[in-house]
Amino acid sequence: MDVRQKLKDCGIGITKPRVAILEYLMKQCTHPTVDDIYQALVSEVPTLSRTTVYNVVKLFAEHGLVNTLGIDDRNVCVDGDTTPHGHFFCKECGRIIDVPLTELSAGGFDCDGNMVTEVHLYYKGVCSECMSKRETDESRSPR
Ligand code: ZN
Ligand code: MN
């Protein structure tokens, strides 16, 4: 779907930074931070500042165009994929990986008479890449 049309549908005015940031977030699956977004786009949009990125991300989140994740204690990470899914945070390399939700945890269900419409599921641990790195490091180290 066209990014400009998405902005229009939300009643958000079209500016160069907003278009560039939304386009970037739609094609990223790495959950970038405000700083990552700034670094990736500053050559394309030289007037960009971190404050602008922060404000645009906040605006997008308020309109449900993106989700912000609090999974990493040090940074707010931005997800352009707003379909229901959970996240896994690797405590070694800091990667955030998408994980599927079970049907029950995808939202839209009743919880003791309360209507659940969103579920934010965070797993933390060591990712498969870091686990295999650990194994090779262990076999290599002399005893
Ligand atoms: Zn890892
Ligand atoms: Mn995600």
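The model is a predicted one, so local features need pLDDT of at least 70 and side-chain atom pairs count only at pLDDT 80 or more, while totals for chains, interfaces and linings use all residues. Residues are numbered from 1 along each chain as its sequence is written, chains are lettered from A and ligands numbered from 1 in the order in which they are written, and side-chain values use heavy atoms, with hydrogens and water left out.

**Overall build**

- The protein has five helices and seven strands, where helices (H or I, at least four residues) and strands (E, at least two) are DSSP runs numbered from the N terminus.
- Reading from the N terminus, the order is α-α-α-α-β-β-β-β-β-β-β-α.
- There are two domains, domain 1 (1–67) and domain 2 (83–143), with bounds from an automatic or database domain assignment.
- Their C-alpha centres sit 25 Å apart.
- The radius of gyration is 18 Å, whereas a compact globule of 143 residues would come out near 15 Å; the value is taken over C-alpha atoms, and the globule rule is 2.2 Å times the number of residues to the power 0.38.
- Along the principal axes, the C-alpha atoms fill a box of roughly 65 × 50 × 25 Å.
- Buried residues account for 32% of the 143 (buried means under 20% relative accessible area, exposed over 50%, partly exposed in between, with a 1.4 Å probe and protein chains only).
- Of the contacts (heavy atoms within 4.5 Å) between residues at least 6 apart in sequence, 45% link residues at least 24 apart.

- Donors here are N, O and S atoms within 2.8 Å of the metal (3.2 Å for Na, K and Ca), and sites may look incomplete because water is not among the atoms.

**Zinc site**

- Cys90, Cys93, Cys127 and Cys130 each give an SG atom to the zinc ion (ligand 1), 2.2 to 2.3 Å away.
- The zinc donors follow C-x2-C-x33-C-x2-C.
- Cys90 is buried at 0% relative accessibility, but Cys93 is partly exposed at 38%.

**Nonpolar core**

- The largest nonpolar core has 22 residues, and Leu7, Ile21, Leu25, Ile37, Val53 and Phe60 touch the most other members. Such a core is a set of buried Ala, Val, Leu, Ile, Met, Phe, Trp, Tyr and Cys residues joined through side-chain atoms within 4.5 Å.
- Helices H1 (3–9), H2 (16–27), H3 (34–41) and H4 (50–62) each give two or more residues to this core, and H2 has the largest share with six.
- Leaving out residues up to four places away in sequence, Leu7 touches Ile12, Ile14, Arg18, Val19, Leu22, Phe60 and Leu65.

**A loop residue**

- Asp72 lies in the loop between strand S1 (67–69) and strand S2 (77–79).
- Asp72 is buried, at 8% relative accessible area.
- Not counting residues up to four places away in sequence, Asp72 touches Cys77 and Phe89.
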